[in-house]
Amino acid sequence: MKHLLPLLLLTLLTACASTTDIVISQPASAKPPVAESLSLQHNAVAAAWAVSVDITPPPGMPMGGYSVMANKGMGFRTRLKARVIYLQDKDGDATALVQTDLAGSSLLVHHLVTERVAAQTGLAAKDIVITASHSHSAPVNFYDNDFYNKHMSSGQWLEPEFLEFVTQRISDGILQAYQQRRPARIATGKRDIYGYNRNRSLDAYVLNDNAGDIDLEDPQAKFNAVNPALYMIRIDVADDDGRFLPLAAFSSFSVHATALSVPVEVYNADLFAYAQKDLEWQIAQQYQTPWPVVHGLTTGTQGDMAPALAEHGDNTFAHHPVNWQAARQLGQGIGKEAIALFDALAPQLTADIDLASAAREINIRDNNRVGEVELCDEAAVGNPVAGGAYERRTPWLAAIPFLKGGNVMSRRWWLDEGCQGNKRHLGFSFLQPLLEPKDSFPDTVLFQIIKVNDMAVLPLPYEVTQEAGRRMAAAVSEVFASAGQPLKYTWVSSIANGYFGYTTTHEEYQRQNYEGGHTLYGQYSTPYITAQLSRLANDFVDQGAFQELLPQWRYQLNVNTFLPEQVDSTGSRAWLTSTEITRAVAPDENYIAIEWLDVAADKIAWHQPLVHVEVEQQGQWQPLVTGVHPISDDGYDIEVRWLDDADLGMAEYQARWYNFGQRQAANKRYRFVISERHGAPKLVSEPFVLPEDARVQSTASY
């Protein structure tokens with residue numbers, strides 16, 4: 001989350017909101033029958049399946065991460081997905097690894113999903129992890145606390161309809177993956193890659209005791225002081241003839257999904273979309289799989305890891321422009337690295353799968369001490385949160401020394417001995433609790449360890465800086481090694497099963513950059529989290545898989561409505577314009593656009609196919625595919641926008657085709673197709689040809 005704008009400073013009064021009580025039943029769990037639904041012609045008992053479910057909402061949801069500066073989504077370009085990977089070992093132990101293209105994860109969603117899938121799948125809360133790529137162009141407003149429902153996006157409070165939509169889509173994905181599971185083989189691995197992330201908080205990182213001799217004036221230092229690890233679990237399953245073919249990858253790379261800047265107007269998965277889809281398309285074509293390949297790429301210790309964009313300096317007074325081409329270049333670079341790792345893991349595939357998980361749910365305000373480490377029992381927001389992070393600052397506010405992270409004025413000079421240390425409280429320490437009640441902050445963490453063969457995943461609801469994550473992983477690895485159960489790979493998955501802001505190391509915290517100011521529970525957060533993970537790991541190796549949950553899952557939250565209101569649509573679908581080319585100035589892209597009249601936004605299933613382009617081949621029209629990239633709204637280059645409401649309950653929409661000149665012939669005929677809906681036939685545009693200079697107009701590279 002880049003900007004938690006100082007509503008504490010700018011908004012002293014909040015409009016009254018209605019509230020809702022949510023009570024969730026904690027389900028009893030039991031292992032499912034091992035052989036259930038497995039093809040009888042196979043003898044293997046380890047099983048897996050993976051699905052990608054669309055979670056793109058209708059227009060109107062505030063996008064999360066850039067706080068009140070963020071736009072509401074007017075449509076989408078690159079769909080938002082929840083990628084579900086279900087794994088089950090020979091003993092029936094199972095896990096559901098879920099990656100979402102959302103700005104954050106929600107403990108409330110995790111609890112609701114667990115309630116809905118447990119009875120049929122046998123999965124317990126400890127077995128389910130829901131992660132996020134942290135795209136800042138995706139909706140939120142589904143959290144388990146009022147604080148982030150109020151401040152994470154440009155809209156305040158929980159959106160119950162969006163909460164239900166996301167919960168049900170993920171639940172359906174888990175149930176589908178469970179029901180369709182097949183005999184499986186997996187491999188785990190890691191590849192270090194450079195040039196895709198950089199340290200955006202280097203002046204804090206160098207304060208770490210083990211940082212070494214880093215020259216802050218060295219322009220390469222920020223590219224070297226990174227977490228370069230790309231982790232992966234590769235999953236292959238048996239086809240109907242017993243051949244094992246690729247199905248999925250669950251992977252992690254530490255980079256903020258902020259390649260696209262604040263002015264973006266449509267939902268998207270940022271650079272993660274390209275890395276995920278390139279592997280999905282390439283591996284499916286390479287191995288001719290009879291099923292879609294799924295790549296769940298989630299974020300790692302990205303707290304201080306920015307995308308390695310071209311250097312444009314800080315943005316104290318204005319936002320940097322939106323640059324889709326830069327996001328694409330980085331994402332496709334990561335995608336190539338992921339494909340190489342996926343292929344390299346083939347010789348290591350094994351049907352000997354061993355799964356185990358442990359979880360302990362803790363209210364960290366009520367239980368703020370573990371061993372010798374004591375956490376603050378109340379959250380506090382620091383001044384630097386108002387100014388924002390490097391390159392994604394809050395314009396003008398970042399010019400105020402007291403609000404700009406790292407500035408000596410943004411941290412305390414005295415009275416800095418308490419658990420919050422030298423954090424200067426936003427809105428003053430005496431005033432902040434009046435504007436932001438302490439009970440509004442998140443307070444419950446699901447500490448969790450998911451063990452997959454020789455790999456342990458540590459999901460956490462924090463944005464963890466790389467050194468903080470390294471210390472956590474090292475502590476857990478040491479516990480397993482001491483117990484004679486060494487792990488080869490241990491990694492932290494940030495922003496999983498909830499959202500708590502950041503956690504830095506104790507040393508980094510002293511700088512009070514944005515990351516330190518947004519470490520809500522103070523300077524001992526990382527030592528506390530590390531101690532809790534060590535405690536969990538010790539109990540895990542001593543007693544095996546287990547979970548300890550709070551006695552009740554209950555939430556009382558303020559609610560609001562952002563999704564389109566329901567209206568009666570009595571008009572007819574029709575084209576409003578012919579195709580038109582818009583020529584842009586870099587970094588904007590040229591595109592071909594067409595507009596049409598359709599039913600109101602609430603009548604459209606935005607998570608289903610809407611628009612694609614067709615090409616005429618030998619007198620026959622067929623969907624256009626460029627290489628392995630479909631030219632449809634499930635690809636990179638088709639954008640769908642809501643424009644305005646119209647008479648008779650209808651609405652006006654626009655489809656844009658970006659990068660239309662890539663690998664296309666200028667003399668071929670193309671057409672837009674709007675999918676059939678509510679009994680109405682598909683809407684087909686008049687054929688058009690590309691201009692002769694199409695390759696010059698479109699600048700993307702594949």
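A disulfide is a pair of cysteine sulfur atoms within 2.5 Å. The model on screen is a predicted one, and by this rule its count comes to one disulfide.

**Stop 1: the disulfide**

Select Cys376 and Cys419; these two are joined, with an S to S distance of 2.1 Å. Look along the S-S bond next: the angle about this bond is 125°, and the link of Cys376 and Cys419 is right-handed.

Cys376 has a relative accessibility of 2% and counts as buried, because buried means under 20%. Cys419, at 29% relative accessible area, is partly exposed.

**Stop 2: the largest pocket**

Move to the largest pocket, which has a volume of about 490 Å³. To centre the view, select Asp144, Asp443, Thr444, Arg554 and Tyr555; of the 22 lining residues, these are the closest to the pocket's centre.

Then colour α2 (107–121), β13 (355–363) and β24 (553–559), the elements that each give two or more residues to the lining. The largest share comes from β24, with five residues.

Finally, colour the lining of this pocket by residue class: eight residues are nonpolar, seven are polar and seven are charged.

Notes: Residues numbered from 1 in each chain as written. Predicted model: local features only at pLDDT ≥ 70, side-chain atom pairs only at ≥ 80, totals over all residues. Heavy atoms only, no water. 1 Å grid on protein atoms, 1.4 Å probe; cavity = no way out; pocket = protein on both sides within 12 Å on 5 of 7 lines; lining within 4 Å. Points joined across faces, edges and corners; volume = space filled by probe spheres on them. Helix = DSSP H or I, 4+ residues; strand = E, 2+ residues; numbered from the N terminus. Nonpolar A, V, L, I, M, F, W, Y, C, P; charged D, E, K, R; others polar. Buried < 20%, exposed > 50% of the residue type's maximum accessible area, 1.4 Å probe, protein only.
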